[in-house]
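Welcome, and thank you for taking a look at this protein with me. Keep the sequence and the structure at hand as we walk through them together.

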Amino acid sequence: TMGILEKISEIEKEISRTQKNKATEYHLGLLKAKLAKYRSQLLEPSKSAGAKGEGFDVMKSGDARVALIGFPSVGKSTFLSLMTSTASEAASYEFTTLTCIPGVIEYKGANIQLLDLPGIIEGAAQGKGRGRQVIAVARTADVVIMMLDATKGDKELESVGIRLNRTKPNIYFKPKKGGGLSYNSTVPLTHCSEKLVQLILHEYKIFNAEVLFREDSTPDEFIDVIVGNRVYMPCLYVYNKVDQISIEEVDRLARRPHSVVISCGMKLNLDYLLESLWEYLALICIYTKKRGGISTHTHTHTHTHTHTVYQCCHRIHRTLASQFKYALVWGTSTKYSPQRVGLTHIMEHEDVIQIVKK
């Protein structure tokens with residue numbers, strides 16, 4: 001990979017040397033496309049190292065997963081011991097040099113898994129060491145908590161394909177077998193043009209494709225869509241040690257978007273942090289009901305992105321969906337209660353479900 005690293009730093013230097021103006025926009029677009037191409041080569045697991053044994057995968061236990069990122073000096077360990085239940089000490093799995101799960105936060109009946117991801121800041125972007133596996137795990141988190149100077153943290157994750165507090169660009173992109181480039185936009189574009197889009201696609205050896213811009217995206221966002229393995233996730237910036245700065249400064253930090261100020265030393269504002277985290281996770285809670293009318297309220301939390309009856313089945317037991325006949329649901333997701341529903345029915349917060357097997 002040394003060759004790739006050299007190419008990356010060459011391109012980065014050239015990008016920083018190049019003035020941004022109308023005349024250089026194609027040149028910059030191409031440089032960015034090349035850069036993204038080399039970076040994703042770094043993160044791709046090398047084909048030769050086919051040994052599955054060194055896989056670093058953490059079982060996704062609990063209801064949600066939060067990746068904690070920050071330098072040791074920001075007070076991460078104090079934060080962890082304050083936030084997580086001591087019972088979960090046993091859950092810290094060992095990985096050669098990587099202790100990954102320091103604990104579980106129990107909150108509103110949900111178990112939130114906190115992953116302390118060491119070394120992601122140092123060197124993961126260079127594809128060094130276990131960086132790849134750390135990133136693979138970071139990408140499975142539902143939320144990132146960044147305990148550091150926000151300006152630094154963002155950049156680091158940017159280079160490994162994690163986009164914080166941003167949504168996926170609204171661009172339809174489909175490579176085709178033939179027919180050249182079909183290029184359209186539903187809004188006026190100020191950053192991209194057909195020529196630029198074509199140049200960027202050629203860099204990826206794509207000559208036939210359908211591209212439709214539904215928003216005024218930048219070349220970087222278009223590149224993200226082509227590369228396709230970007231992860232978009234919410235991030236909370238947590239500023240620790242606010243007891244050591246002026247009230248004005250605390251106020252300024254607290255007003256920043258996606259930010260929470262705390263002090264682990266003085267145990268300040270930790271409740272508010274948990275509340276914010278819960279909102280960012282946007283978990284929903286579903287009760288299961290046994291036959292015979294008595295609700296045995298066992299919580300099943302499913303992450304917001306999806307909570308169909310099928311997922312509920314899967315959370316209860318992985319073979320349940322295959323024996324599924326229908327479900328009865330009481331709650332806000334139904335027209336009347338109980339309503340007979342199928343596997344694709346979408347559940348809402350605090351619904352009660354009873355599953356009837358074949």
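Which strands does helix 8 lie across? Helix 8, residues 247–254, lies across strand 12 and strand 13, running at about 150° to strand 13. Helices (H or I, at least four residues) and strands (E, at least two) are DSSP runs, numbered from the N terminus. Axes are lines fitted to C-alpha atoms, for helices over the stretch in contact, and angles run from 0 to 180 degrees between N-to-C directions. Contact itself means heavy atoms within 4.5 Å.

A word on the model before we go on. This is a predicted model, in which local features need pLDDT of at least 70 and side-chain atom pairs count only at pLDDT 80 or more, while totals for chains, interfaces and linings use all residues. Residues are numbered from 1 along each chain as its sequence is written, and side-chain values use heavy atoms, with hydrogens and water left out.

Six strands form an open sheet in the order 4-5-1-6-12-13, with mixed pairing; two strands pair if DSSP finds at least two bridges between them. At the edges are strand 4 and strand 13 (259–261), each pairing on one side only. From one strand to the next, the twist averages 25°. Strand 1 and strand 6 run parallel and are joined by four bridges. You can find I69 opposite M146 in strand 6.

Next, look at helix 3. It lies across strand 1, strand 4, strand 5 and strand 6, and runs at about 155° to strand 1. The axes of helix 3 and helix 9 come within 12 Å and cross at roughly 80°. That makes helix 3 roughly perpendicular to helix 9, a label for angles of 65 to 115 degrees. F79, L82 and M83 of helix 3 make this contact with L270, L273 and L274 of helix 9.

Which residues touch the most other members of the largest nonpolar core? Of its 26 residues, they are F79, I105, I145, I262, L273 and L277. A nonpolar core is a set of buried Ala, Val, Leu, Ile, Met, Phe, Trp, Tyr and Cys residues joined through side-chain atoms within 4.5 Å. Buried means under 20% relative accessible area, exposed over 50%, and partly exposed in between (1.4 Å probe, protein chains only). Among the elements that give two or more residues to this core are helix 3 (76–83), strand 4 (103–107) and helix 9 (270–281). Helix 9 gives the most, with six residues. Apart from this core lies another, of 23 residues, among them L115, V137, M146 and V242.

Strand 10, residues 209–213, takes us to other pairings. It pairs with strand 8 (residues 171–175) in the antiparallel sense over five bridges, and P175 stands opposite A209 in strand 10. With strand 9 (residues 181–185), strand 10 pairs in the parallel sense, also over five bridges, and N184 stands opposite L212. In a regular strand the side chains alternate between the two faces of the sheet. Strand 10 has a covered face, A209, V211 and F213, and an uncovered one, E210 and L212.

Our last stop is T18, in the loop between helix 1 (2–17) and helix 2 (25–43). T18 counts as buried because its relative accessibility is 16%. Leaving aside neighbours within four places in sequence, T18 is in contact with T24, H27, L28 and L31.

Definitions and conventions
Angles under 35 degrees count as roughly parallel, over 145 as roughly antiparallel, 65 to 115 as roughly perpendicular and the rest as oblique.
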